[in-house]
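Keep the structure open while you read.

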Amino acid sequence: MSQTAAVRPVISIRDLKTAFGTHVVHEHLNLDVMPGEILSLIGGSGSGKTTLLRQILGLEHPAAGRVEVFGQALHDMDARTRALLPRRWGMLFQSGALFSALSVFDNVALPLRELRALPEAVIRDVVMMRLAQVGLTPGDALKQPSDLSGGMIKRVALARALALDPDLVFLDEPTAGLDPQRSAEFVELIRQLNHQLGFTVVMVTHDVDTLVAMSMRVAVLAEKRVIVCDTVDKVMQFDHPFIKAFFQRELEYRSRLSAASGESVHGKP
Ligand SMILES: Nc1ncnc2c1ncn2[C@@H]1O[C@H](COP(=O)(O)OP(=O)(O)OP(=O)(O)O)[C@@H](O)[C@H]1O
């Protein structure tokens, strides 16, 4: 068997149908997410991105088809295996979703304490390590969320998402609310951590700069299914009205750059 054939997807979705009553959101939807990749999910409003994430998290039930995570079909799993799954993934919500009454330290410690198995000294070491990994200082651990800037809130939320050393990380609009400079820094941080720690990322974003900077592949949801899943460059060439509209500014930017340099340009510097 070749090495490529041996690599199994972290998430494998086959012929998925999702329906709310007569409203069919997904039909014949297929998607594989490979280990260590950063995959972005894009699609128009109401195209079913959130619902697809909820399927992957096991919060919706397929009307047909199959969703496998870590090589196992979600709805065939025994209750114990299913209950342990959330320990293998972390979530970064758009707003950060920190608990305002808890300090930075206690927010990051929360998933570790929920295990009810780790001594406080181990929890302390892990929290401090995670805070350092996201560029925060030991002094920041004592702060309350209300004392933090938007960029710091995202970093704390990322430290919390990584607390259990997840194999899979879900990012919902990770750079929403950040100015371009903070946004670029946060993108770079996630890329570095993905490289160092090797976790797989599934991200939903409407921000083209974030998408272009981070995605190894982009899956486009339209007409109830994934119409294309490929590199940013290849997806941008795909002939579909949503894709043309989504990437319009980026395409114009690239064509101006290309005209100015007199040669083909494939990405921003
Ligand atoms: N629990 C539910 N009951 C009924 N309909 C639902 C439910 N959840 C989602 N839907 C419908 O499914 C469709 C897809 O919704 P979803 O939130 O997944 O879209 P989205 O791509 O995430 O949209 P947006 O980018 O606007 O957040 C919408 O028409 C929505 O109204």
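Around the ligand you'll find F20, H23, V25, G43, S45, G46, S47, G48, K49, T50 and T51, where being near means a C-beta atom, placed from the backbone, within 6 Å of the molecule. This is a predicted model: local features need pLDDT of at least 70, side-chain atom pairs count only at pLDDT 80 or more, and totals for chains, interfaces and linings use all residues. Residues are numbered from 1 along each chain as its sequence is written.

Two elements, β2 (23-33) and α2, each give two or more residues to that shell. Helices (H or I, at least four residues) and strands (E, at least two) are DSSP runs, numbered from the N terminus. The top contributor is α2, with three residues. Sorted by class, the shell has two nonpolar, eight polar and one charged residues; Ala, Val, Leu, Ile, Met, Phe, Trp, Tyr, Cys and Pro count as nonpolar, Asp, Glu, Lys and Arg as charged, and the others, Gly among them, as polar.

Now for the sheet. Its six strands form an open sheet in the order β6-β7-β8-β3-β9-β10, with mixed pairing; two strands pair if DSSP finds at least two bridges between them. At the edges sit β6 (89-92) and β10 (225-230), each pairing on one side only.

Look at β3 (residues 38-43) and β8 (residues 200-204): they run parallel, joined by four bridges. L39, for instance, has V202 in β8 as its bridge partner. Helix α2 (residues 49-56) packs on the sheet, touching β3, β7 (168-172), β8 and β9 (217-222), with contact meaning C-beta atoms, placed from the backbone, within 7 Å.

Key
Two residues are in contact if their C-beta atoms, placed from the backbone, lie within 7 Å. Axes are lines fitted to C-alpha atoms, for helices over the stretch in contact, and angles run from 0 to 180 degrees between N-to-C directions.
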